[in-house]
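Grab a pencil and work through these exercises with the structure open beside you. Try each task before you read its solution.

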Amino acid sequence: MKRSKFPDSLSRAKERAEDYGAMKEVKSTTKLVSDAKDIRITVNKTDGEEVMADSGAPVDRGAWDNKLEFLLSCLSFAVGLGNIWRFPYLCYRNGGGVFLIPYVAMLLTTGLPLFFFELCLGQFGQEGPLTIWKICPLFTGLGLSMVMVAFFIGLYYNVIIAWAFFYLFSSFTASLPWASCDHWWNTEACRRFDSKNCTLHDGLMAMNGSCYYRDEVTPEQWRHLNATFMQSKLPADEYFHNFMLDISEGFHEEDGHHLQWHLSLCLILAWVVVFLGLFRGVSGMGKAVYFTALFPYCVLLILFARAVTLDGYSNGIAFYLTPKWEKLLEVKVWADAAMQIFFSLGPCWGGLITLASYNKFNNNCLRDALTITVANCLTSFFAGFVIFGIVGFMAHEMGVPVEAVAAQGAGLAFIAYPEAVARLPISPLWAILFFVMLLTLGLGSQFTIVQTVITSVVDVFELREHYMKVCVGMCVVGCSLGLSMCTKHGMYILQLLDDYSGTYSALMIGAIELTVVCWVYGIDNFMEDIKKMLGDYPTLKYYWKATWCFLTPLSVVLILVFTFVDYSPSSYGHYAYPTWANVLGWSISFTCIAAIPIRAVILVSTKSGPVWARITALCRPTAGWGPPDGHKDGRELPPIDSRTPLALEDEEYEMEPESSSQRATRNWSAQADEDDEEEEEEEEDGLHMKLGSRK
């Protein structure tokens, strides 16, 4: 091996500087790192540099113990509460079985392409959403936007899990507390009498239990009876609002900021469970998802077996599936299908990138994407048979049409379904099973949401040695902020976050990330990256290129436009939010998105040279972008000689200003090089910096 001339030149330069008295102090701006293969300069710290423990050994980032853990984690993340409490309702509202046509169409043009896209991005880059954007540094703000969305969603999602804990604990009793109107939290509006026989004969039941028919009363009395009946509430409704939430009349109530101790304790428990599932890193999470991913299916099967034996089951299923073909002509039906598939699979929150980043580099993520997306859709469809079977039974028991009791969201999970369960024999058993299922569905998604934030913090600040401390900090911060939703105002705050934090911002993130990768980085470059992972281009290569470049971005933009057009200020029940609350909601949405241009402006302003040249440089991948070293393609920039100024294209490579002693050293080094012309033949073996490149 030929001898490098730089150490000798530097040594002679220092000796001559000392002889001339020009060097009083030598401050080294380079760190020589040698190994068995080469000598390189490390300036500051590169993106690809390994985090070293105190012992000098690299700190392992972590990985899935086996492929099944990754599949179950993705399934647990995708199959969440929305599959149970939203899809069945959308299906009946948008034409029954006909809704499956736009749903599958949106799966193929929006859901599946985005899901596969983010799995590829995370698996190739092997980093979380904050640091993955080395692929195009100008848009590193995208990662911050994703993490902010995940953080806000994680705050209120765990409050819903706390509600499920509260209902679960309340179910361990001989008689469910929401089964009657005989409690202190019940009001005069609570339905104390069974109105089934009355309503079946087109009558209305008064609050005293008397049944009246239209021909027995005056028109004025009938209108009064009808208004009274419409204002009446189910026992489960009053248990949810009056007891568990103890909800205020609105933000204007002064005592609405007092904490509800029972909800606060349940929220603390929820965050403790999240910590226990994540404190060991992705390995511990991989074990937890065996339960959170599989147990809900066991409960769904048990509840389905019970539902088919109930009176009114067939009416509920008919209501769920009866096709209404004219609905296909309504734009809102297609928009609902697109939004449901988008938010059900959970792209653009950073969760999929995080999960895929712990994969083996050669994992077949295409097969995983197909498996998870299909399983997610089938789960939603099957859940409808369970939910509407129970709802049909409830409508039969109350003697009202199915549409009178059909609901979505929290109203289905914590009012309609508990009310139906309370009418079953051995009702506590069915309540326990249902709320354990809700817990596992919620925790499975929450694990990934919180892991996304933790992974991002650990990656960007290189805190792999302190992973547990970061996990503790995240759980403490999340719990502290979440306590605001355990007050009498809590439901209004939760609804505000649900309306604004993950809707508009997530859609904009989806459109931007597809544009950046496909049109700035280049779809052909991205396809080559996928080829390195899978060994060949993905099946239906041109389908993926067409969807990523055109169909999916267009679909996401159309969803965004329709969401804006369909916008209405936030409300809950009959309470309309004040203007300042809606302004706060929009601020949350645009704060998440504002991170993208703000970060881009900061990066451009810290460079020197023409503005367009800075932007162009920042649109090229950094040296740290790409797979682990063992999978690099071997392409490198031309060797950089030790005397060549470093370009400003990559912000990591910026040298400190030279002192007078350093300039003297450099000048004497140059003179020494001229004296040693016989060594010029060794130039190709001289010192150079190893940098990756992208074509």
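**Exercise 1. Which residues of α13 are buried?**

Before the solution, some ground rules. This is a predicted model, where local features need pLDDT of at least 70, side-chain atom pairs count only at pLDDT 80 or more, and totals for chains, interfaces and linings use all residues. Residues are numbered from 1 along each chain as its sequence is written, and side-chain values use heavy atoms, with hydrogens and water left out.

Step 1: settle the words. Buried means under 20% relative accessible area, exposed means over 50%, and partly exposed is in between (1.4 Å probe, protein chains only). Helices (H or I, at least four residues) and strands (E, at least two) are DSSP runs, numbered from the N terminus.

Step 2: list them. The buried residues of α13 are Val333, Ala335, Asp336, Ala337, Ala338, Met339, Gln340, Ile341, Phe342, Ser344 and Leu345.

Step 3: draw the conclusion. Since 11 of the 15 residues of α13 are buried, the helix is largely enclosed by the rest of the structure.

Step 4: check its span. From first C-alpha to last, α13 reaches 22 Å, close to the 21 Å expected at 1.5 Å a residue. The expected span is 1.5 Å times one less than the number of residues.

Step 5: look just past the end. Gly346 follows α13 and has a positive phi, near 75 degrees.

**Exercise 2. Describe the protein chain as a whole.**

Step 1: count the elements. The protein chain has 24 helices and 6 strands.

Step 2: see how much is hidden. Of its 695 residues, 54% count as buried.

Step 3: check the contacts (heavy atoms within 4.5 Å). Among those with a separation of 6 or more, 82% are between residues 24 or more positions apart.

**Exercise 3. Find the largest nonpolar core and follow Trp548 inside it.**

Step 1: know what you're after. A nonpolar core is a set of buried Ala, Val, Leu, Ile, Met, Phe, Trp, Tyr and Cys residues joined through side-chain atoms within 4.5 Å.

Step 2: see who supplies it. Helix α6 (residues 141-170) gives the largest share of this core, 21 residues.

Step 3: A second, separate core of 5 residues includes Leu204, Ala206, Val217 and Trp222.

Step 4: trace Trp548. Leaving aside neighbours within four places in sequence, Trp548 is in contact with residues including Pro113, Phe116, Leu514, Ile530 and Pro553.

**Exercise 4. Is Tyr156 buried or exposed, and what does it touch?**

Step 1: Tyr156 is in helix α6.

Step 2: check its cover. Tyr156 has a relative accessible area of 8%, so it is buried.

Step 3: list its partners. Beyond neighbours within four places in sequence, Tyr156 contacts Met485, Leu494, Leu497, Asp498 and Ser501.

Step 4: Tyr156 and Gly478 are 322 residues apart along the chain, yet their C-alpha atoms are separated by 9.2 Å.

**Exercise 5. Where does Arg86 sit, and what does it contact?**

Step 1: Arg86 lies in the loop between α3 (81-85) and α4 (87-93).

Step 2: check its cover. With 29% relative accessibility, Arg86 counts as partly exposed.

Step 3: list its contacts. Leaving aside neighbours within four places in sequence, these are Leu81, Gln340 and Gln408.
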